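The sequence and structure are shown below.

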Amino acid sequence: MRTIPKHTTRLFVLFICLSFKLVAQKVNETLKLQVMDEKFSITTPVPSELDPVAINAKLIFSEDQKQFAIVMKVNILSSWHIYSSVTKNSPLIATKINENLPPDTAIALGDWIKPATTPFNEEATIFDGEDFYFIRYYQLNNGKSLPKDTNISLYYQACDPYQCFPPQTKTIQLLK
Amino acid sequence: MKKHIVLCLTLFTISTGIAQGITFTNSSLEATLTKASEDNKLIFIDCYTVWCSPCKKLAAEVFTQKNVGDFYNKNFINLKIDMEKGEGLEIAQYYKVNSYPTLLILNSEGEVLERFGGGTDADKMLKKGQQALDKQ
């Protein structure tokens, strides 16, 4: 009788494990729908000439509480922008999101889903306009809950065609 | 010999044509204040940062204009200082520079006579410069 080579068996086991992991880490479709709906309930302060970038954020949990999404809403004053990406040697400062979540609490299900960008020049693309959203989905680890100080920060540098403000960080506490 | 003179004159004409616009000195603010006092001049400071696109636009499109250069070179000692490096850090704090570009015109005591910024064109540069001279 022909025997199955050892490495084939190992590959098969690895494939099965990966498949299970992929299934386990798939974002709950109902949660996606909840996010699509609930993101519109997030309100931000009104941006002004002295503070042209307003943000707010919200945690949205799936019905079974096993997955959640962090949704950040950004509202930029008309004619102002922040940088979404910059070339390697550019002095311009790209926007960064930093979520303060203990690493053993939850696993990110993919990267941040970012809004569309606008070309700025050969060095950069920008985010501009009112009411756009950054979304990231997570799977809570078994038996874990989010700590009270769970927060999210946006690091950005804002400019209009005539002036720029220094880079700054705004932080939103997610559990209130 | 004649050829050399013609060449020199040509090069001089070209270089003076290119060198229009504001000429900035590399001195520190402290040394510039002393020089301003000796020469009875005011000080113009372009407070900029490397990540400020409007600062680059202002430098390329307004500071380079001949009428702006003639006026500022005649009446002011001109400084261009990165507010995130060296003495720029202290200057930004002292003069409360919170947005970029910020343009300052100081007397030799370091007092602000004029302060302006974004959206500056050649006319505004000349107007603000004249207002500072009138306050002197």
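Predicted model: local features only at pLDDT ≥ 70, side-chain atom pairs only at ≥ 80, totals over all residues.

How many residues does the contact take from chain A and from chain B? Chain A provides 14 residues and chain B provides 12 residues. Between them, chain A and chain B bury about 1000 Å², with 64% of this on carbon and sulfur atoms. Pro91(A), Tyr162(A) and Cys164(A) account for 45% of the area that chain A buries against chain B, more than any other three residues. On the side of chain A that touches chain B, 11 residues are nonpolar, two are polar and one is charged.

Over all chains, the structure holds 17 of them. The planes of Phe132(A) and Phe134(A) stand at 65 degrees with the ring centres 6.0 Å apart, so this pair is edge-to-face. Phe132(A) and Phe134(A) are buried. In chain B, Tyr72(B) and Phe76(B) form a tilted pair, 4.8 Å from centre to centre and with 35 degrees between the planes; both residues are buried. Tyr72(B) and Phe76(B) also belong to a cluster linked by ring pairs, together with Phe24(B), Phe44(B), Phe63(B) and Phe71(B).

Lys80(B) lies over the faces of two rings, as tabulated here.

| Residue | Ring | Distance from the ring centre |
|---|---|---|
| Lys80(B) | Phe24(B) | 5.4 Å |
| Lys80(B) | Tyr48(B) | 4.9 Å |

Of these rings, Phe24(B) is one of the cluster members.

Methods:
Residues numbered from 1 in each chain as written. Chains lettered and ligands numbered in written order. Heavy atoms only, no water. Phe/Tyr/Trp six-rings, centres within 6.5 Å; stacked < 30°, edge-to-face > 60°. Buried < 20%, exposed > 50% of the residue type's maximum accessible area, 1.4 Å probe, protein only. Lys NZ or Arg CZ within 6 Å of the ring centre and 35° of its normal. Contact = heavy atoms within 4.5 Å. Buried area = accessible area lost by both parts, 1.4 Å probe. Nonpolar A, V, L, I, M, F, W, Y, C, P; charged D, E, K, R; others polar.
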